[in-house]
Amino acid sequence: MQIIYGLLVALMIVGIIGSVIPALPGASLILIAIIIWGFVQGSWATISIPLIVTLIVLLLSIGVDFLAGYLGAKKAGASKWGQIGAFVGLFLGFFGFLPALPFGGPLLGILLGPLLGAIIAEYIYRRQLKVAFKAGIGILVGTVVGNIIQGLLAIAAVIVFLVTTWSQVFAS
């Protein structure tokens with residue numbers, strides 16, 4: 001039982017990391033681990049609180065993801081083109097399709113891709129380099145802040161799970 005519990009906690013830690021790193025599953029992995037624990041225990045009552053908390057965290061994470069990027073873009077004066085460019089840059093950066101990034105792999109691409117994508121798209125749309133840079137930085141800052149908030153929410157969900165289930169596994 002302790003081995004399964006440990007593996008599920010490890011899966012949750014991967015979920016925390018995924019909450020901070022874009023394009024990787026985050027809160028959904030934590031939710032899956034909790035559901036698996038419910039099946040292992042054979043009781044949904046034992047996981048009801050962490051399950052509810054994690055469902056709320058999952059919904060909040062989705063909302064934070066969209067809201068943080070939107071607010072960062074809006075605060076910096078980015079257009080829809082900048083937001084689209086940031087998304088395209090994220091995709092290209094994650095899969096390593098940015099020719100300017102022969103090093104660093106997907107993690108560096110996830111950080112630089114949206115920035116470059118937003119700047120390029122915003123420049124094409126407005127033809128003002130200063131405005132394009134400001135929009136790119138705003139989108140990047142909004143995304144990073146959103147990812148930090150998602151990571152904190154994921155940590156909270158895992159803590160609730162550990163507090164409510166620890167005694168089921170490691171009872172004295």
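Predicted model: local features only at pLDDT ≥ 70, side-chain atom pairs only at ≥ 80, totals over all residues.

Visitor: How many helices and strands does the chain have?

Guide: Helices (H or I, at least four residues) and strands (E, at least two) are DSSP runs, numbered from the N terminus. The chain has 6 helices and 0 strands, and its pattern along the sequence is α-α-α-α-α-α.

Visitor: What percentage of the residues of the chain count as buried?

Guide: Buried means under 20% relative accessible area, exposed over 50%, and partly exposed in between, with a 1.4 Å probe and protein chains only. Of the 172 residues, 38% count as buried. As for contacts (heavy atoms within 4.5 Å), among those with a separation of 6 or more, 66% come from residues 24 or more positions apart.

Visitor: How is the packing of two helices described?

Guide: Axes are lines fitted to C-alpha atoms, for helices over the stretch in contact, and angles run from 0 to 180 degrees between N-to-C directions. Helix H1 (residues 2-20) packs on helix H6 (residues 129-169) at about 170°, with the axes 8 Å apart. H1 and H6 are therefore roughly antiparallel; angles over 145 degrees count as such, under 35 as roughly parallel, 65 to 115 as roughly perpendicular and the rest as oblique.

Visitor: Which residues of H1 make the contact with H6?

Guide: On H1 they are Gln2, Tyr5, Val9, Met12, Ile16, Ser19 and Val20. Their partners on H6 include Gly151, Ala154, Ile155, Phe161 and Trp166. By class, this contact of H1 with H6 has 12 nonpolar, 6 polar and no charged residues. Ala, Val, Leu, Ile, Met, Phe, Trp, Tyr, Cys and Pro count as nonpolar, Asp, Glu, Lys and Arg as charged, and the others, Gly among them, as polar.

Visitor: At what angle do the axes of H2 and H6 cross?

Guide: The axes of H2 and H6 cross at roughly 15° and come within 11 Å. H2 and H6 are therefore roughly parallel to each other. The contact involves Ile30, Ile34, Trp37 and Gln41 of H2, and residues of H6 including Ala157, Val158 and Gln168. This contact of H2 with H6 has 8 nonpolar, 3 polar and no charged residues.

Visitor: Which residues are buried in H2?

Guide: They are Ala27, Leu29, Ile30, Leu31, Ala33, Ile34, Trp37 and Gly38. H2 is followed by glycine 42, whose phi is positive, near 70°.

Visitor: Is glycine 85 buried or exposed?

Guide: Glycine 85, in helix H4 (residues 80-94), counts as buried because its relative accessibility is 8%. Glycine 85 touches Gly117, Ala118 and Ala121, not counting residues up to four places away in sequence. The C-alpha atoms of glycine 85 and isoleucine 119 are 7.5 Å apart, although 34 residues separate the two along the chain.

Visitor: Where is arginine 127 placed?

Guide: Arginine 127 belongs to the loop between helix H5 (105-126) and H6. With a relative accessible area of 59%, arginine 127 is exposed. Its phi is near 60°, a positive value in a residue other than glycine.

Conventions:
Residues numbered from 1 in each chain as written. Heavy atoms only, no water.
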